[in-house]
Amino acid sequence: MEISVIASSSIDGGIGSWDIKTGTEQLRFKQCASPAHGLAAVGEKFLAASQLRNASGSSGSIFFWSWNKPQVEVRSFPVESVKALAANSEGTYIVGGGASGDIFLWEVASGKLLKKWHGHYRSVTCLVFSGDDSLLVSGSEDGSVRVWSLLRLFDDLQRQQQGSTLYEHDFNEHTTSVTDIVIDYGGCNAFIVSASGDGTCKVWSLSKGKLLRNIIFPAAINALALDPGGSIFYAASVDSKIYVGAMNSSSDYATQSLGSVSEQGKAVTCLAYCADGNLLISGSEDGVICVWDPKSRRLVRTFSHGKGPVNNIQVVRRTVVGNSNKAQSSWKKNGSSLPPPPLEKYERSGDNTVDGIVIVDPPPLSDVPVYSSYHSADLINEQVRELQQQGSAATEIEMERLKLEYKKSLQMNDQWQKNYENLLQVVMEEELNGSSS
Amino acid sequence: MASFERFDDMCDNRLKPKILRNLLSDYVPNEKQPLVDFQSLSKVVSTISTHKLLSEDQKLQAKSKSAVDEWVERFLALVSSDMPDKSWVGIVLMGVTCQECSSDRFFSSYSVWFNSLLSHIKNPESSRIIRVASCTSISDLLTRLSRFANTKKEAVSHAAKVILPIIKLMEEDSSEALWEGIVNLLSTIVILFPAAFHSSYDTVEEAIASKIFSAKTSSSLLKKLAHFLALLPKANKGDTASWSLMMQKLLISINVHLNNFFQGLEEETTGKKAMQRLAPPGRDAPLPLGGQNGILDDAAWNSEQLIVSRVSALMYCCSVMLTSSYKCKLNIPVASLVSLVERVLAVNGSLPKAMSPFMTGIQQELVCAELPTLHSSALELLRTTIKSIRSQLLPYAASVVRLVSSYFKKCLLPELRIKLYTITKTLLKSMGLGMAMQLANEVVSNASVDLDPKTVQGSDVVSSTNPRAVLKAGSKKRKQSTNTGVEAENAAFEVGVPHNHSLKIAALEALETLLTTGGALRSDSWRERVDKLLMMTAGNACEGRWANAETYHHLPNKSTADLVEFQVAALRAFLASLVSPSRARPAYLAEGFELFQTGKTEGEMKVAGFCAHALMSLEVVIHPRALPLDGLPSLGDQFPESNSLASLKHNTPNLNNGDNLFKEWTANVDVPSNNEILRNVDSISPLQEAKRLKRGNDLATVDSLSGQDHTDIVGSENVQQADVRKKVPESPKESLGHVSERDDMVPEEVYRQVVSETREGEGLAVKDSIMEEAVVVKKRESLDESDDDSIPSLKADDYLSSDSDIES
């Protein structure tokens, strides 16, 4: 298992990656200038990032990198500029939020655009999957947070019948753009925390579908990270501080801060929590990535991404098979020789939407040796058991059958003998008669 | 001599050769002996594996080696005996030796052993039992061989040599025992050495398919054959294409069979559509399963039972293909699989109006007799399909949900309902919350019917007539129980018949899964009902029978275990309903505690174990814990708000510098509510800060200084802003120096600002008192937290800060 931090910036500094344990810089993936929330690790398969630069005016672009090649491997050009990007934990679906407020859902293995729907009135700023990947939470520039059930999005029939809205919940309390959303481990009773440029963080209940708490911060909040303990979260603000928000505190004001990342008041732009070792990672506008120990509030180490502002940080866990320095592509490791197909631009219409095939990747680490068991001893025991059960039903029945058959044969034998004797007698008589006549 | 030799204990290695020799002389038959005593053989085998008699000990090399040599000689002699029974003994002992002997011995002689076994298989004179034993022993030999990494190639070539002879045997001989041995051997080879099938793949596929289609094959063997067929694609390069080809062939074959079987029971277009999807007109259709010869004999068409057992075997084969692990990507034809299941489940034996004249009553009778088996196989196929693609079912999930719910409505047979509940569970587990919202109503309404005590006869009713049963539960419950009791008295029911609980268990498990995945979301309509239902079911399942469960035990009867399982399932579901988040407090918490408490002391061990677990889980419900936040001892501790109050007073004028938001925000401070914390905080925080400082954790100190509290922040914030402007010329230099000396990066500047601010405030006197204060702090540290010194802690901190500052 290798845990690395990946970070990207809004100006072309590539995607930096560092080993969180040793602090060594790993591969730097080239050519990436992504918007905030535009970087996603797609399962353990590859890295994806939406791009700010527009290759051809209106269309957006999403690039894929395999884990051990710095060059972009796959380029996709969706119909519009994609702001937020996220993948489910298995890495089978990618969702993208467009500048128009549309949300796109692609199947990774085929590249097909399975669904596209109008999610928000203005640009989508962040997308988060729920813990079991069955719900999607989206935040938008228009200040709204919406919860979608992916399953229901695909259930056209039911929707037509019931005529209900597409979304499950629509939270509309933020006055300005939603900047980040996190969802805790509560399952069906999870809390959703949303941060906004209006300087508040709001805690929503998934099950009740309403606002639980409104926490006011001294400055606009750029990013959120949840403490696994559940009741507090960290909020990165534009005033270069990382605040600690408490979901269950009595005060509506969050004031405690974990620390400040820069003396010049550069904004903290992104946060990530690494469960392994309980570390909080922050990225700021001055291009520095800080790793904190939230327990002691100490800075553990820093990485420098470059001059450009860091706007995405992700903690990625990866099972490393063999030597990662090998020039072998990770697509090959996964048992297939090809990189994933580019994401398609348009939804397929009509019957063609679903061609009925789902591509399933082999389980990781499928190279485990196979074992077969020994049978000889069982064979002996079975044989012995059969012999011991001489009084068993099967042998008894067989015995009876044989007895019956034996009796029949005896009777048959008698019959034949009689026939023979009769015949002999007839022949003899004939013969006698013949000779006499 | 030997008889005078003493041994340490039963594990003494010197014992091994002795025991082995004894076995050889007393139990293992030899050539001269006229009869074989089979009974003794299992003793020989068990003794060998218990004492590891064939593993040659390094220390006692000569002795143990000679004993094992003798053993090997003996079984080799037996193998080549003319008598089939002795030869059989030799062969099976060879198999056991392959498993047990030392690796050196195995490695040096496996080739010889293999050839002698192979010659038995090839020899047309060999009797059946010898062939079966040879197959088994070769399988064991190859299994052992697969653990040697350096002989992969040779092993493959050995394995390849067996395949054609045994396939030939399979075609010549019709004994099921032999087929079974052969299929076992083939499965071993395909798992361990798939490359061995390189040249014989098509032949093998054809032979196996023809056996599946043979009218004589028994159902258990059918399953084994199907299992092997499912593994076979691993042998053909093991790639995506060969898997897909096999799946396509299977699905076509199944649909062809169904076209015939369902004639007159479904629209004819259904079959055509299915075939079109599987083999689109434009593309080449694959050869039928089992090659050209695999086309079905006419006899098969006439027997409904035969068709169903074949289709079931083929569906089972699909299921195994879906669930066994492949090293390549799989293209799973979900749409075809789901529509196949849909097709099968749509036929319930009733005749569509238009069709009725074309079908005779007898035909319908025959079909209806076999339909449940077919439905069961189809449901199993659906389950494995869901299991294999998990979350990627998404685009198809809605149609699967509809399929499941519509089938729930018409399905009455318990076996099939159990399968449906299993599918429901799989769906919930693989698709999570979204699925729970879709399926909840279906699960709840069906489970309520299946768990309704009124609809079931037997022991449940008996237990509710039991006066003890009425005692514990609430008034509603009592009413319910007496009602059923009255009804039960009128009905002619068998007393105390331990009936089959599996349907109820399945329903309970489905409810439990529903509660675990989505007990809180959109659950208003059903939650209350389910909670009540589960409380009553658990009560009924357990009451009056805690002790009885033990007394059943002398009967090796399944129903006892079944009862315990039912109790556990009911309790599990009940616990889920208590713990699963809901809007109100769990309504039946009291009943739950009582039940689990009694169960813990009186229940059968498994039940008692679960009850203990349940009590532990419920403890959190009655004593909700505010989890100590990871690493952050508690919110108040680290942020002395008294400081902020002090600084609030001092710094109020500065507020003008802050922006509007700050003002608004500080204006709303809710001071009194925090008073309690403050007192503790005052005394604790300076100590902590001091400790930190000693460790050189300047950063932490600075953080808490600059961001202790809202008011404080505002203060320092403002100071910072002012300071930065003032001190720009000098501060970078200083902080640079610090950075190089310590590891801290950014906060130096803030730190410095705060310090400089205090300097301005306190004047030069500060410096003089530094040492003094440091001593005080040390003292405080040694004192307890009860130190109620209300010296503004900000001061102390500042001194300390400046202290360390100067030191550095």
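**View 1. Lys241(A) stands opposite Ser260(A), a residue of strand 22 of chain A.** The model shown here and in the other views is predicted. Strand 21 of chain A covers residues 241-246 and runs antiparallel to strand 22 of chain A. The two strands are joined by three bridges.

**View 2. Four strands of chain A form an open sheet in the order 19-20-21-22.** The pairing in this sheet is antiparallel. Strand 19 (221-226) and strand 22 (257-260) of chain A each have a single partner strand, so they stand at the edges with one side left without a neighbour in the sheet. From one strand to the next, the twist averages 20 degrees. In general, strands of a sheet pair through backbone hydrogen bonds, either parallel or antiparallel.

**View 3. Strand 5 (residues 61-66) and strand 6 of chain A run antiparallel.** Three bridges join them. Phe64(A) has Val74(A), in strand 6 of chain A, as its bridge partner.

**View 4. Residues 399-433 of chain A carry the UniProt feature "coiled-coil region", from an unreviewed entry.** In the predicted model, this span is 100% helix and 0% strand. The C-alpha atoms at the ends of residues 399-433 of chain A lie 50 Å apart.

Terms used. Residues numbered from 1 in each chain as written. Chains lettered and ligands numbered in written order. Predicted model: local features only at pLDDT ≥ 70, side-chain atom pairs only at ≥ 80, totals over all residues. Pairing = 2+ DSSP bridges. UniProt positions renumbered as here; feature names shortened; annotations may be inferred. Axes fitted to C-alpha atoms, helices over the stretch in contact; angles between N-to-C directions.
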